[in-house]
Amino acid sequence: MNNDNHFEPHILAFLCNWCTYTGADLAGTSRLQYPPNVRVIRTMCSGAVDPVYVLKPLLDGADGVFIGGCHPGDCHYQTGNYKTRRRYVALTEILKAVGFDEQRVWLRWISASEGQKFAETMTEMVVAIKELGPNPMRTSWTV
Amino acid sequence: MNTMLPLQNGDPLITVRGFLRQLLETGVVEAIFLPLEVDGGATLPALVADPAWLDQADPLTPVMPINSARAVSALTNKHSPARLGVVLRPCEIRALIELVKLQQATLENVTLIGLDCPGTYEVAEYIEGKHAGRITLADYLEVAGDDRQPALVGPSLRPACQMCDQPVPEHVDIHLRLFGLGTDQAIPVTLSDEIAEKLGLSQVSQPAADGRQAVVDRLTAARRQVREKELAAIRERLDADGGLASLFATCIRCHNCMTVCPICYCKTCLFKTAAFDHPPEHYLNAARRRGAVRMLGDTLLFQLTRLNHMSASCVSCGMCTSACPADIPVGAIFSAVGAQVQAAFDYQPGRDVSDPLPLITFQANEWTQIGEEK
């Protein structure tokens, strides 16, 4: 799993119940194929994803973390995803500042009707993370 | 209104005590929060209701055992029970403003009394220096005048104070202007007309402002230089491979930094719950996976989570560094990272109660490229 020739990234995805999770469901019911590297956790809103949820897997060695939410203006709770966006800005600023590769954390807006986009985005992310290689935290003992 | 407090008994401390006593006795405030002398040479912040206790008051004390914004939060909470006067340092005022925005304190019914702050010592070093006669009030007050650290022999200022570029209080109702002051001179005070009237003070012209401003500018520039150098050194270490882990290599996860942080107000911090009490197998599995694993775990997770939760509001008071038993420059690390977060949101913590906290507000039309395909 961990050798350079065949690296299969582990990606954790937090999907908002109303849009991206439903979009992922649509990808499934439409029998769209996407790489099986993604483990999905459903949250009620992308705004409910505390940065600690992203940091914990990253420090434990996950190769990528994905956050999926409704398009701006479409939040089921009106403004949750706008707050997600600001939190993402803060989180990536901090990751950059402390020498983490912030490209391991993705935020994408995918609606309930965008099953195709979900499958494509997952494919795209797996390719991108494969290029980055394994998360160095996987083998770090001093976390 | 600007006025001057004539020096009483040739002693600035007695003069300031007299002024504060007047605030209490004329009913401008019903109780006053400030540092009181305690046995053994230290001072502790206290709430004083009886003016007689002001004989023990030492608002000019060069130590801050806690960031007193935390105390003002406890004293005011949602609404202040009486007209309170609070004597605070500039970094404490900035922290208080953040706590007001976080709905943990209020400025209603509160008279903010701010002092120019030459800096503070670690408590233990101050007590030792005071007993040995190395730290004197006169020396301490005169530091800003000729660009030096107080009491060059013996203890030095806390690291956060050595690099403090905001030593002048903002947004105060009463400002005691200590910078550029000889200890044998009257003390310039700026206060609202309403308070001045109650105290029976009338306008007295203060010494030319540019003399004082030059002193403040020199001090601020010198300390900003230290700050930039310190933060650059921290950033260089963070940029190195495994930099964060190496900076926190000696962290024992005592949570002191969080406990003393004025911004970390959560009653039940995630890290004080059982959330990270993993079953024993978890650690064994992690050790098998990685070869070895640090105990106690989740150290970097704690620090990174704290950075995410509070660094936008970090006022660089450096209490975390003072409280760290492992001598980690926590405050400099948080200031270095915090400055980048604050710059991203164009946010300056403690500047103004009307500036919204960056993580609870938003604009619909900002960062519109985020979340879209690249």
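Residues are classed here so that Ala, Val, Leu, Ile, Met, Phe, Trp, Tyr, Cys and Pro count as nonpolar, Asp, Glu, Lys and Arg as charged, and the others, Gly among them, as polar.

## Basis of the model

This is a predicted model, in which local features need pLDDT of at least 70 and side-chain atom pairs count only at pLDDT 80 or more, while totals for chains, interfaces and linings use all residues. Residues are numbered from 1 along each chain as its sequence is written, chains are lettered from A and ligands numbered from 1 in the order in which they are written, and side-chain values use heavy atoms, with hydrogens and water left out.

## The largest pocket

Pockets and cavities are both found on a 1 Å grid over the protein atoms alone: a cavity is a set of points where a 1.4 Å probe fits but cannot get out, a pocket is an open set with protein on both sides within 12 Å along at least five of seven lines, and lining residues have an atom within 4 Å of a point. Grid points are joined across faces, edges and corners, and a volume is the space filled by probe spheres set on the points.

The largest pocket holds about 1,100 Å³ of space, and among its 38 lining residues B:Ile263, B:Cys264, B:Tyr265, B:Cys266 and B:His309 lie nearest its centre. Two or more lining residues come from each of α3 (80-97) of chain A and α2 (69-76), α10 (256-260) and α12 (299-310) of chain B, where helices (H or I, at least four residues) and strands (E, at least two) are DSSP runs numbered from the N terminus. Of these elements α12(B) gives the most, with six residues, and by class the lining divides into 21 nonpolar, nine polar and eight charged residues.

The domain assignment, whose bounds come from an automatic or database source, gives chain B domain 1 (2-226) and domain 2 (241-366). The C-alpha centres of domain 1 and domain 2 of chain B lie 29 Å apart, and 24 residues of domain 1 are in contact (heavy atoms within 4.5 Å) with 25 residues of domain 2. The lining of the largest pocket draws at least three residues from each of these two domains.

The second largest pocket has a volume of about 510 Å³, and of the 25 residues that line it, B:Asp165, B:Gln166, B:Arg227, B:Ala339 and B:Gln342 are the closest to its centre. The elements that give two or more residues to this lining are α8 (209-239) and α14 (330-344) of chain B, with α14(B) giving the most, six residues. Domain 1 and domain 2 of chain B both give residues to the lining of the second largest pocket, so this pocket lies between them. The lining comprises 11 nonpolar, six polar and eight charged residues.

Six cavities of 30 Å³ or more are counted. The largest cavity contains about 200 Å³ of space and is lined by 23 residues, of which B:Pro35, B:Pro59, B:Thr61, B:Arg89 and B:Glu92 lie nearest its centre. In chain B, β2 (31-37), β3 (43-48) and β4 (84-88) are the elements that give two or more residues to this lining, whose residues divide into 17 nonpolar, three polar and three charged.

The second largest cavity has a volume of about 170 Å³, and the closest to its centre among its 15 lining residues are A:Asp60, A:Val143, B:His282, B:Val293 and B:Asp298. At least two lining residues are supplied by each of α2 (51-60) of chain A and α11 (280-290) of chain B, and α11(B) gives the most, with five residues. Six nonpolar, three polar and six charged residues make up this lining.

## The seven-stranded sheet of chain B

Chain B has an open sheet of seven strands in the order β1-β7-β6-β5-β4-β2-β3, with mixed pairing, two strands being paired if DSSP finds at least two bridges between them. The edge strands, each pairing on one side only, are β1 (2-5) and β3 of chain B. Four bridges join β1(B) to the antiparallel strand β7 (residues 187-191) of chain B, and B:Leu5 has B:Ile187 in β7(B) as its bridge partner.

## Backbone exceptions

Most residues other than glycine have a negative phi, and most peptide bonds are trans. The peptide bond from B:Met295 to B:Leu296, however, is cis, with omega near -10°, and B:Leu296 lies in the loop between α11 and α12 of chain B. In chain A, phi of A:Arg31 is near 60°, a positive value in a residue other than glycine, and A:Arg31 lies in the loop between α1 (20-29) and β2 (38-43) of chain A.
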